[in-house]
Amino acid sequence: MNDLMVNLFRGSVSSVMNVILLFTLARSRFDRKINIMVAAFVFALNILSTIWFYLYGDLTGLSRFNLVIFLIVGLALKPLTKLNFMQWCFTFLTIINISMMIIVSSFHLSRLLPMPQYSNTILRFILYVIVIYISQRHLLPLYRSIVKNWQIFSALVICIFLNLGYFFYATDDIQNTLTINKWPLLLLVALSLVAYGTVFYSMKRFIAITELECENLKIQDESGRLYKETMKLEKYANYDTLTGLPNRRFFFERLKKMVEESERISCQSAILYIDLDAFKDVNDTYGHEVGDSVLITVGNTLLKCIQKTDFAARLGGDEFAVLIHDIEDVPAVEHLAKKIHKALQENMSIDTVECKINSSIGIAVYPEDGKDSETLIRHADSAMYAIKKNGKGGVKKFNGLQD
């Protein structure tokens, strides 16, 4: 009767702790009460089966029956978890491997202690508690990541099961098998622990590398976003929001650099100061929307007339300017100004409206008409106003008399 109670308790410890470990590793769909009810059912089933097999003295049959019951209960518990079928099978196989390693370890450790029949049960319980505690406190996030990637590790888990399971299920006397194959089994347990340790270490490294890559991607995305925002701010600071041309601020920066560069390499440069004639009439007659479209068209026309090395800008209102660096001669600049003037005189089709404007273009040449940016822009502006005084519309170079 005493042996019956010991075997009954030891078998119950294994069954109940396996269920607890199962729900520790697998995500339960329900609360703790359901898990306790399931554990109680398994406990009751184990007691009945232990009594039955003990009465017939068949401990090996009891071991095999417990495996069958565990498989049946495992399939029945699958709907209670959030895992898919393959993830559940992976977890279930892992529980069986842990159970076999604990049985081997507790059996042989108990032989080193007094009263092995009692020590075996106590050691088995302690080992289960240690495994559950370590899993819950330290390994659970890693294990769930391993389960998600079960395809990578399933072959290793199956190999561990086949190696350990051979000694448990290919025998008619489990106690005699555990005793005779002590060192091969302990070696298998040690290798299995190393294998599982390698799996957890590999997953930890993989997660660390993945998190680092994700962090790098976030940094790159953030850098890209900051770069885009910087470009937007620069565009707002240096470009006209309507025409997309450089604004007054950017123009004066470029004019200053052009003068410095022209002085350094001893070349001629020029500035065209452009004012639109009759633009106010377009705004008053057709409205500001049409007027804005005219300004956009003027900007596009300037870009078509000049070369890529030239620089066109909107200074504000209906005033534009063009910088021409390293010119051949003054006639070449006057030719470009006349080309722009002619292009701006062409009819503009804005939706259903036909608009026509004119322009006054003043020219100043470095160093002939000024050796600094302020003087050049003032003289170009003076030449442009000289045209307006004489009836508007045309091209004129500063000649030193307008100032």
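Visitor: At roughly what angle do the axes of helix α5 and helix α6 cross?
Guide: This is a predicted model. Helix α5 covers residues 116-148, and helix α6 covers residues 150-169. Their axes come within 6 Å and cross at roughly 95 degrees.

Visitor: What does that make α5 relative to α6?
Guide: Angles from 65 to 115 degrees count as roughly perpendicular. The α5 and α6 axes cross at roughly 95 degrees. Therefore α5 is, relative to α6, roughly perpendicular.

Visitor: Which residues of α6 make the contact with α5?
Guide: From α5 come Ile146, Val147 and Lys148. By class, the contact has 4 nonpolar, 1 polar and 1 charged residues. On the α6 side stand Trp150, Gln151 and Phe153.

Visitor: What is the handedness of the crossing of α11 and α12?
Guide: Helix α11 spans residues 288-305 and helix α12 residues 330-344. The axes come within 10 Å and cross at roughly 145 degrees. The crossing is right-handed.

Visitor: How many nonpolar residues are in the contact of α11 with α12?
Guide: Val298, Thr301, Leu302 and Cys305 represent α11. They meet Leu336, Lys339, Ile340, Ala343 and Leu344 of α12. Besides 1 polar and 1 charged residue, the nonpolar count is 7.

Visitor: Is Ser373 buried or exposed?
Guide: Ser373 lies in helix α13, residues 373-389. The cut-off for buried is under 20% relative accessible area. Ser373 has 10% relative accessibility, so the class is buried.

Visitor: Which residues is Ser373 in contact with, leaving aside neighbours within four places in sequence?
Guide: Ser373 sits in α13. Beyond those sequence neighbours, its contacts are Leu255, Lys256 and Val259.

Notes. Residues numbered from 1 in each chain as written. Predicted model: local features only at pLDDT ≥ 70, side-chain atom pairs only at ≥ 80, totals over all residues. Heavy atoms only, no water. Axes fitted to C-alpha atoms, helices over the stretch in contact; angles between N-to-C directions. Helix = DSSP H or I, 4+ residues; strand = E, 2+ residues; numbered from the N terminus. Parallel < 35°, antiparallel > 145°, perpendicular 65-115°, else oblique. Contact = heavy atoms within 4.5 Å. Nonpolar A, V, L, I, M, F, W, Y, C, P; charged D, E, K, R; others polar. Left-handed = near helix turned anticlockwise from the far one by under 90°. Buried < 20%, exposed > 50% of the residue type's maximum accessible area, 1.4 Å probe, protein only.
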